[in-house]
Amino acid sequence: MKPRTGLALLAATALTSSFVITVAASGSADPGIAPPATAVQPDRDRPRVIAMTDGEIDDWSTMMRFLLYSSDYDVAGIVETNSQFQPVGHSGESWLEDEIDAYEEVYPNLIVHHPDYPTPDYLRSVSVVGNETRTDLILAPDQMTTRDTDGERLIIDRLLDDDPRPILFGAWGGANTLAQALWTIRNEHSQADWDKAVAKTRIYAIWYQDNGGRWIEENYPEIQIFEAFRWDMAWNYRVLQGPAPDWIKEMMDTPWLYENIKSNHGPLGEFYPQEYTSEGDTPAFIGAVGNGLGDDFAYADFTLGGWGGRGELDEPYLLPHHYTDRYTIADDGDAHKQYWRWLPAIQNDWAARADWMVTPAYEDANHQPVVRAKGATRTVAQPGDVFTLDLRKSSDPDGDELSFDFWHYGDQDSVSADVPVSQDGSGRASIVIPDEPGTQIQIIGEVTDDGDPALTTYQRYLIDIGTEYVKTPAERPADSIDWSEPAAISGDGDVSTNGTLVKAVDLTAGEPAASVTVNGVEFMGSPYVAGTTTLAGGDTMYATDSAPISGQLNRVLAGATSLLGGTGLQPFAGLSQDYRELLRTGFYNDADESVADVRLGNYSIPERYTERAGYDLTLTDLTPGTEYEIQLFVNDDSTRRIGTSPNLRLTTIVRDQGGEASLRHNAAGVDGSPGQYVTGRFTATETTKVIQLVGGPGKGGTDQRSALLNAYQLRQVEDDPGGDACPDGHSPSGTVVLGDVDSGVANHERPDGCTLLDLIFAAEPFTNHGAFVRHVQHITTQFVDDGLLTVRERSRIVRAAGNSDVGR
């Protein structure tokens, strides 16, 4: 082994543990070679991984590391795709083939050190091209022009084969090929095939780099997705400007990279194309390696943490399987530390594997310690118990001395108290269980050798306090808005007169704030003033957490007569002049970015917008316990943005944490057609209520820039005390049948005469299948809360909704 800098030796024991994804390679070592057993987890059932790469330069770097770890997972496929950054992909170049050729040259040495490296021919056999069509980046699968690619067929084959192991799909670029494969299975295969595909699919997305990830999230909410963001200052080109300590940054910089990887490490090391470690896509697979932490991530739980970071459910009710690290996750107050804290061990481990490439004798290189725990690692303990952590049976295949460290991962677990670890370095430690029943403690055990470089393997301990720790399913917030189906603007009767008017606001341009009366409702003029966030009536509107809306839209229906001209006024014939005036102007926030920058219904936007594209409308002076009706109006007859041509597909999504509705700026999709309005009811729990608005395209739209609002009103309403609220609805004597699926559950009826099916299908048509399933979840939860439905019955109905074809 060559001498190494003191920095590399220091790094091994400094910070922490690991997390993440895994892949298992096919192929086997030369039968004539019998290397020692080197597996960190000897009995480990390796995960399967499919890498989807857009061929950007940092993907070349990530691929080099991916190949060096292909002994730790089964490489089920490598699919070349595209992304918004690489819109036509790079399969026309030979970078991937050249990299596998370089791997082939070092393969004879690699299998000396680990017998599970896949053969180069196997890697070539599973490397295929998916969808690299530029225009398909923003389209739904059924509208894509390029279909039935080799990449799509490979994904379908893997999801439907007889191997029950989950597949970790790493979206290094776009996910449109995966979206197409899932659509094909759902629409052209049996229900059993779909159930199998759902059970096996786990997605790690490096942002959403096309519309595919977002489309999967919205249409197949049962699929597990981790949408990662905070790797950006730890792994990508900005790593050297990130928050990690300087000594860690040195391990990512040029001198370290040349000494340990690029120089004197064979053709695969030389292939590394960058001058410092810059691998924006490595988090998508590195958590799956066999370091003692990866299987948790690849098989069970994206939230536990490790080399690939950790996520949490950002909207647990609406998106029960969508994880992200974007909003509140932090280690020691640093959102990026969940990634960089592991870098010293990661880089040392990578350097050791780079040594394997040029070391033909097993005894001349270092290998990872093998961790063995005595006693339970996942168990239940009682408050006050002394729990023992024992890793003394661990060993090192090279005979190196081992050191041990245990630490409490308090930023991740659910215990509020700090949990000190009593340890003496022997490999045996203990903790006292705090008095917090119903929570879970996570302890990370690290075993590090004194080889060159020093290598670390981990043991994760999860200790439930009192009883088995169960994450409580998310409940719909009590003040969630029940949105009606949006309707096209058609006449003054659109304007609701239910109950009692609280406030009505006309969002105008800079002209004097005159009031406008429509259908007997007086709307107060609220002109746009730069830097001001308070509207007429005392409500507020923010484009981000700290900035006002960005502008006014004064080109909407600019005096309908002049825009439409004479007989062209027909689309607005039913509107009074005052209604036209109400719709003439509005406020908007213009993201000015491509479709891939905004995740519809759950914000994911360019960094400069901080938290969301669009804006928050905060209703003020509410009375808790009071039922309100909110009505919002969106209209842009031509949807003309300054300096651009018309886009008749634009929408504004209005939402809260319990649901959403999508309003078309132009209802008919014909130049000159009016927009839409929507009403929603909620019961206030506080004195304020936030409604979020974000711009989005209609189905197949090519732009999602402006979140628009022209006017709104708030009314106080009361339930109708008598009569059948749904006189023409579904009979309560039948069962709940959703599309072609019978749940077998009785169609229960509320005291007001509305049945489950009445309320479920009152929201037709649904924008997509995911919206339908979420609506069913919401309605059935209401029935459970009212004592009209059991939890088991609710589960059967929701399952039937997921299996139905409604909204597809």
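I began at Asn-519, which counts as partly exposed at 36% relative accessibility. The cut-offs I used are under 20% relative accessible area for buried, over 50% for exposed and partly exposed in between, with a 1.4 Å probe and protein chains only. The model is predicted, so I took local features only at pLDDT of at least 70 and side-chain atom pairs only at pLDDT 80 or more, while totals for chains, interfaces and linings use all residues. Residues are numbered from 1 along each chain as its sequence is written, and side-chain values use heavy atoms, with hydrogens and water left out.

I noted phi of Asn-519 near 55 degrees, a positive value in a residue other than glycine. Asn-519 lies in the loop between strand E19 (516-518) and strand E20 (521-527). Helices (H or I, at least four residues) and strands (E, at least two) are DSSP runs, numbered from the N terminus.

I then looked up Asp-332, where phi is also positive, near 55 degrees, in a residue other than glycine. Asp-332 sits in the loop between strand E8 (322-324) and helix H14 (337-340). Its relative accessibility of 55% puts Asp-332 in the exposed class.

For the backbone I also recorded a cis peptide bond from Asp-452 to Pro-453, with omega near 0 degrees. Pro-453 is in the loop between strand E14 (440-449) and strand E15 (456-465). Most residues other than glycine have a negative phi, and most peptide bonds are trans.

**Whole chain**

I counted 20 helices and 33 strands in the protein chain. Of its 808 residues, 60% are buried. Taking a contact as heavy atoms within 4.5 Å, I found that 75% of the contacts between residues at least 6 apart in sequence join residues at least 24 apart.

**Cores**

Which two residues touch the most other members of the largest nonpolar core? They are Phe-66 and Ile-216, in a core of 100 residues. Helix H3 (residues 95-113) gives this core its largest share, 9 residues. I found a second, separate core of 30 residues, with Phe-587, Leu-619, Leu-622 and Ala-684 among them. A nonpolar core here is a set of buried Ala, Val, Leu, Ile, Met, Phe, Trp, Tyr and Cys residues joined through side-chain atoms within 4.5 Å.

**Strands**

I followed the hairpin that E26 and E27 form with 2 residues between them. Strand E26 (residues 650-656) and E27 run antiparallel and are joined by 6 bridges; two strands pair if DSSP finds at least two bridges between them. Opposite Ala-661 in E27 stands Val-654. In a regular strand the side chains alternate between the two faces of the sheet. For strand E27 (residues 659-664) I listed Gly-659, Ala-661 and Leu-663 on the covered face and Glu-660, Ser-662 and Arg-664 on the uncovered one.

Next I traced an open sheet of 3 strands, in the order E10-E13-E12, with antiparallel pairing. Strand E10 (386-390) and strand E12 (422-423) are the edge strands, each pairing on one side only. Between E10 and strand E13 (residues 428-432) I counted 5 bridges in the antiparallel sense. Asp-390 has Arg-428 in E13 as its bridge partner.

**Rings**

I paired rings of Phe, Tyr and Trp (its six-membered ring) with centres within 6.5 Å, calling planes under 30 degrees apart stacked, over 60 edge-to-face and the rest tilted. This rule gives 28 aromatic pairs.

Phe-85 is in the loop between strand E2 (74-80) and H3, and Trp-207 is in the loop between strand E5 (201-206) and helix H8 (211-219), 122 residues apart. Phe-85 is partly exposed at 38%, and Trp-207 is partly exposed at 28%.

Trp-342 and Tyr-409 make an edge-to-face pair, 6.4 Å centre to centre with 70 degrees between the planes. Trp-342 lies in the loop between H14 and helix H15 (343-357) and Tyr-409 in the loop between strand E11 (402-408) and E12, so the pair ties together parts 67 residues apart in sequence. Buried or exposed, for Trp-342? Trp-342 is buried, at 0% relative accessible area; Tyr-409 is buried at 1%. One aromatic cluster holds Trp-307, Trp-342, Trp-407, Tyr-409 and Tyr-458.

I last checked charges over rings (NZ of Lys or CZ of Arg within 6 Å of the ring centre and within 35 degrees of the ring normal). The charged end of Arg-341 sits over the ring of Tyr-409, 5.1 Å from its centre. The charged end of Arg-65 sits over the ring of Trp-350, 3.7 Å from its centre.
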